[in-house]
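Biologist: I would like to learn how to read a model of this kind with some care, going from the whole chain down to single side chains. Could we work through it one feature at a time?

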Amino acid sequence: METVLVVDDEQGILEALADLLREEGYRVVTASHGREALERMTELRPDLVLTDWMMPVLDGPALIGRIRAEPAFQGVALLGMSAVDVSALRRQYPDMPFLQKPFDIGTLLKQVRKALDSRQR
Amino acid sequence: MSSSEQPARTDARVSTGVPGLDSVLGGGLVPSGVYIVVGEPGAGKTLLANQLCYHQARAGARCLYVTLLAESHARMLANMRDMAFFDSALLPEGVYYVSGFRTLEEQGLPGLLELLRREVRNHNASILVLDGLVQAQEAAGSQRDFKKFIHELQVAAGLARFTSLMLTSDGPTAHPEYTMVDGILELRERTAGVRSWRELQVRKFRGSATLAGVHGFRITQAGLEVFPRLEARVRRVPPPDPGIYRVHFGIPSLDALFPGGLAAGSTSLVLGPPGVGKTMMGSSLLAEGLRQGETCLFMGFYEPPNRLLNKAASAGIDLKSWVDDGRLNIIWQPPAECILDVLADQLLSDVRKRKVKRVFVDGLSAMTQATPETSRMASFFAALTQELRCEGATTLFGLETPRLFGPVLDVPLESGPSAVAENLFFLRHVELEGRLRRLLSIFKLRDTDYDPTLREFVISRQGIEVLPPFSVAVDTLLTGLARHPGGGHS
């Protein structure tokens, strides 16, 4: 079973995404900010980190930076999501996919699958 | 005390970016102040706070927007996206959104306070918005805890030099501890019958005087726009003395009734029933000003500009060419619901911008009927005419009387514009010798001699012409039911 770590400071969105991904057969762990996400990752290495961008404590860019700098986390797929215009984020992080909030379920599941598949290749 | 030890509140004010609001606040928010914005859901609090953030971010400031609400940031941004002030390029550096909901749930007010302090520092924010203060209040163990939270936030705002806006749906009546903050702004929507309108009131403001009372505001695609109550900001100075400069209508037979003319910058009122000729009289006054090289303004409520121009042209008054060359502006406001201060703002802005010398406002009754605030009319007109006098604009107001004929004179002399007008003209339809005639009389003219006789006037393709006095004795003309004292025809 593939494990997805969902990181978002908005509790409602976090819970909704977690429920949805569980229903789709993923194992899901959650964190409400980047620091909590890193703690989760040391406990349980996920296959994919789906992270929000604007968060308290440790935000999306900082989390991505820490994951990429940690050898133990190499190979973990990354997928960003944000309410800000993600076209600018895509230019800044050309090697990382982003979901523009708000998104529909179909788009989310497709992007999650795509990110996981790209990791396996 | 060195300059670095000066308290933060002596700094320049923090502009809200909401047109009209800085004026109401005496220049803007005081830096490092903690403010509460209170209002029912839908009152415009979130919009106001976002408008301020994008305005500040555009000027280089960093703003932190913390929500404690169920509404997602994506949805909030979707609501902002169509607003003129929104700029996605300012995200996330200029305006940064985080949720404090979970922190509040898990760690209570101390955790939330820590989050606010830390995030303000991390983002080097000078503006902090806390959207959903009522959630924080509910999470407080006691009233004392909540007071402590507000106090500590104020201390943090002073130390880290950020200005804070806390949005809540519960007013100071429910939470007396709100009086601890530096200011309370209340937004509300009022309804009367089927009509509704929005109001803003500054309930408390430390640091400077604010414009007292209730001010209208509206929400459009531009965001919030506050219209400071005209009476609260009227200049308390005597208007300039017009000296010898006098104003005429450019109608020889009418001007002959008061050869000295009207004092420039004075306010006149022409009263009369519909169709009697008020619009033509006002148009004549403007046309004469335009011929003299002055800029003029026509504010109307009935005929749209094209119909008005055709109507004036049919009486030999060519206004169109002046509109085309920009010397005459026509502001047309259909007689629907209106905010008095919006109208005053439109009128006075144009007068100031184009240095207008003559103004004709056609349809004061439409203005009165279109506003829910009829009790304001007397003070509103006093303020409006004071401002117009200070600008040196000679103004004629057309006021419709409801009665076409009859023995009752509908002259509201004791209130509203009649009380503040220096000059008063009265037009009437009168039935005499089997013919409907137009009648003009001058009730008062200040600082000039005038002919008090009742005169018939006609409107033809050549314009207005005032006829000589009646050659026969006619009584009760002003009642509209004239009769020869001796009976029969002369």
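Biologist: How many helices and strands does chain B have?

Modeller: Bear in mind throughout that this is a predicted model. In chain B the secondary structure amounts to 15 helices and 20 strands. Of the 490 residues in chain B, 54% are buried, and among its contacts between residues at least 6 apart in sequence, 70% join residues at least 24 apart.

Biologist: Is Thr168(B) buried or exposed, and where in chain B does it lie?

Modeller: A residue is called buried when its relative accessible area is under 20%. Thr168(B) belongs to strand 5, which covers residues 163-168 of chain B, and Thr168(B) counts as buried because its relative accessible area is 2%. Setting aside residues up to four places away in sequence, Thr168(B) touches Ile36(B), Val37(B), Val38(B), Gly39(B), Lys45(B), Leu133(B), Val134(B) and Tyr178(B). A polar atom of the Thr168(B) side chain also lies 3.2 Å from the backbone nitrogen of Asp170(B). As for distance, Thr168(B) and Leu343(B) are 175 residues apart in sequence, and their C-alpha atoms are 31 Å apart in space.

Biologist: Turning to chain A, which residues does UniProt list for the response regulatory domain?

Modeller: An unreviewed UniProt entry gives residues 3-116 of chain A for "domain: Response regulatory". Over that stretch chain A is 46% helix and 21% strand, and the C-alpha atoms at its ends are 10 Å apart.

Biologist: Where does UniProt place the modified residue, and what surrounds that position?

Modeller: The unreviewed entry puts "modified residue: 4-aspartylphosphate" at Asp52(A), a residue that the model places in strand 3, residues 48-52 of chain A. Asp52(A) counts as buried because its relative accessibility is 4%. Apart from residues up to four places away in sequence, Asp52(A) touches Val7(A), Asp8(A), Asp9(A), Gly60(A), Met81(A), Ser82(A) and Lys101(A).

Biologist: How should I read the area buried between chain B and chain A?

Modeller: The size of an interface is often given as the accessible area lost when the parts come together. Between chain B and chain A that area is about 1,500 Å², with 57% of it coming from carbon and sulfur atoms. Three residues, Ala74(B), Tyr96(B) and Arg102(B), supply 34% of the area that chain B buries against chain A, more than any other three residues. The contact draws on 20 residues from chain B and 19 residues from chain A.

Biologist: Which side chains form the salt bridge, and which elements of chain B touch chain A?

Modeller: The rule finds one salt bridge across this interface, and in it the side chains of Glu36(A) and Arg102(B) meet at 3.3 Å, N to O. Eight residue pairs are counted in polar contact between the two chains. On the side of chain B that touches chain A, helix 3 (73-80), strand 3 (95-99) and helix 4 (101-123) each supply at least two residues, and helix 4 of chain B gives the most, with six residues. That side of chain B divides into 10 nonpolar, five polar and five charged residues.

Biologist: Which residues of helix 2 of chain A are buried, and what do they pack against?

Modeller: In helix 2 of chain A, residues 34-43, the buried residues are Gly34(A), Glu36(A), Ala37(A), Leu38(A) and Met41(A). The buried residues of this helix pack against strand 1 (3-7), strand 2 (27-31), strand 3 and helix 3 (60-69) of chain A, together with helix 4 of chain B.

Definitions and conventions. Residues numbered from 1 in each chain as written. Chains lettered and ligands numbered in written order. Predicted model: local features only at pLDDT ≥ 70, side-chain atom pairs only at ≥ 80, totals over all residues. Heavy atoms only, no water. UniProt positions renumbered as here; feature names shortened; annotations may be inferred. Helix = DSSP H or I, 4+ residues; strand = E, 2+ residues; numbered from the N terminus. Buried < 20%, exposed > 50% of the residue type's maximum accessible area, 1.4 Å probe, protein only. Contact = heavy atoms within 4.5 Å. Buried area = accessible area lost by both parts, 1.4 Å probe. Salt bridge = Lys/Arg side-chain N within 4 Å of Asp/Glu carboxyl O. Polar contact = N/O pair within 3.5 Å; in protein donor to acceptor, adjacent residues only side chain to side chain. Nonpolar A, V, L, I, M, F, W, Y, C, P; charged D, E, K, R; others polar.
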